[in-house]
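Dear colleague,

Please find below the structure for your review. A summary of the findings follows directly after it.

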Amino acid sequence: MGRAAVTLKKGSKKRSKMSSGLDTLYSSPLDKLVDFNFDEKVANVFPDMINRSVPGYASIVAMTGILSAEFYQPGTRCYDLGCSLGASALSMAKAIKDDYLRIIAVDNSQAMLKKAQTLLDQSDHVESNRDCIELICDDINHIDVNNASVVVMNFTLQFIALEQRSDLLKKIYQGMKQGGILILSEKLNYNDEAQQKLLIDMHHFFKKANGYSDLEISQKRQTIENVLLPETLDKHKVRLQEAGFKQVEQWFQCFNFSSLIAIK
Ligand code: GEK
């Protein structure tokens, strides 16, 4: 399966100087805009970046805990695919009351997982229930999903190559228990030009209101457009149904950001 546990390299103490901070990565004009990637610089500002960039992010993370507590089946596993710093995994860990809870949190960015490990270590042992979370550094296309009653993909599928998305969802479905849920949160695209423009404009109003300048918005958009590939709500629903999910419902939307629940 090619899993790799998170390994902290020597010298990681130095990095603690670079504490979590404000996202100013695109605040000055950059000579060369390289494709966005989840490196150490991003990991260090990630909570600020995602909260100021994704409308409804905090609500979706909180609801992930609430929904997972209701649909979790004792004796099964939970997965957080594309876990970043582990926010959704922690939300599940706090909400699900089961001494035998096991949450597999997967990300292919070593930098993000190193930061996730630091945050877990710093969290209150009892309050966070962190011991049930296992961090795995791997591509979610390569991991096995087994005996799952809750699978969460909060803003991760959008980074997966378009041609790999169906197979990934089919694999997830196959690894799930009857009655289990997939929470899928994504940035959306619209086929209608006017609708697309309005939704994107509203997202930019949100970012400006959160302190990002026009330069930051524009540079970030250019670096991310080849990497984050949004699709329409219909496309997501049809693909989930084709994977086998018997009920698919959109439960959240703010501007062009949405979350779906798919029940096996
Ligand atoms: C949260 N869910 O805070 N395999 C594993 N991880 C991947 C892959 C892949 N193939 N591609 C991208 N990632 C999180 C937020 S962020 C969303 C998710 C965003 C990882 C990538 O390294 C990053 O950590 C995450 O998916 C996407 O609730 O930044 O917009």
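Over the ring of which residue does the charged end of Lys 207 sit? In this predicted model, the charged end of Lys 207 is placed over the ring of Tyr 212, at 5.1 Å from the centre of that ring. A further arrangement of this kind involves Lys 264, whose charged end sits over the ring of Tyr 173, 4.3 Å from its centre.

The structure contains 6 aromatic pairs, and one aromatic cluster is formed by Phe 38, Phe 46 and Phe 159.

I turn now to the ligand. The ligand is located in the largest pocket, where 20 residues surround it. The closest of these residues are Tyr 57, Gly 82, Ser 84, Asp 107 and Asn 154. Sorted by class, the shell around the ligand comprises 9 nonpolar, 8 polar and 3 charged residues.

With Asn 108 the backbone is involved, as one of its polar backbone atoms is 3.2 Å from a nitrogen atom of the ligand. The ligand taken alone exposes 660 Å², and the protein buries 94% of that area.

With kind regards

Technical notes
Residues are numbered from 1 along each chain as its sequence is written. This is a predicted model: local features need pLDDT of at least 70, side-chain atom pairs count only at pLDDT 80 or more; totals for chains, interfaces and linings use all residues. Side-chain values use heavy atoms; hydrogens and water are left out. A residue is near a molecule or strand if one of its heavy atoms lies within 4 Å of it. A polar contact is a pair of N or O atoms within 3.5 Å; within protein, one must be able to donate a hydrogen and the other to accept it, and residues adjacent in sequence count only if both atoms are side-chain atoms. Accessible areas come from the Shrake-Rupley method with a 1.4 Å probe; for residues, only the protein chains shown count as cover. On a 1 Å grid over the protein atoms alone, a cavity is a set of points where a 1.4 Å probe fits but cannot get out, and a pocket is an open set with protein on both sides within 12 Å along at least five of seven lines; lining residues have an atom within 4 Å of a point. A molecule sits in a cavity or pocket if more than half of its atoms lie within 2 Å of its grid points. Ala, Val, Leu, Ile, Met, Phe, Trp, Tyr, Cys and Pro count as nonpolar, Asp, Glu, Lys and Arg as charged, and the others, Gly among them, as polar. Rings of Phe, Tyr and Trp (its six-membered ring) pair if their centres lie within 6.5 Å; planes under 30 degrees apart count as stacked, over 60 as edge-to-face and the rest as tilted. A charge sits over a ring if NZ of Lys or CZ of Arg is within 6 Å of the ring centre and within 35 degrees of the ring normal.
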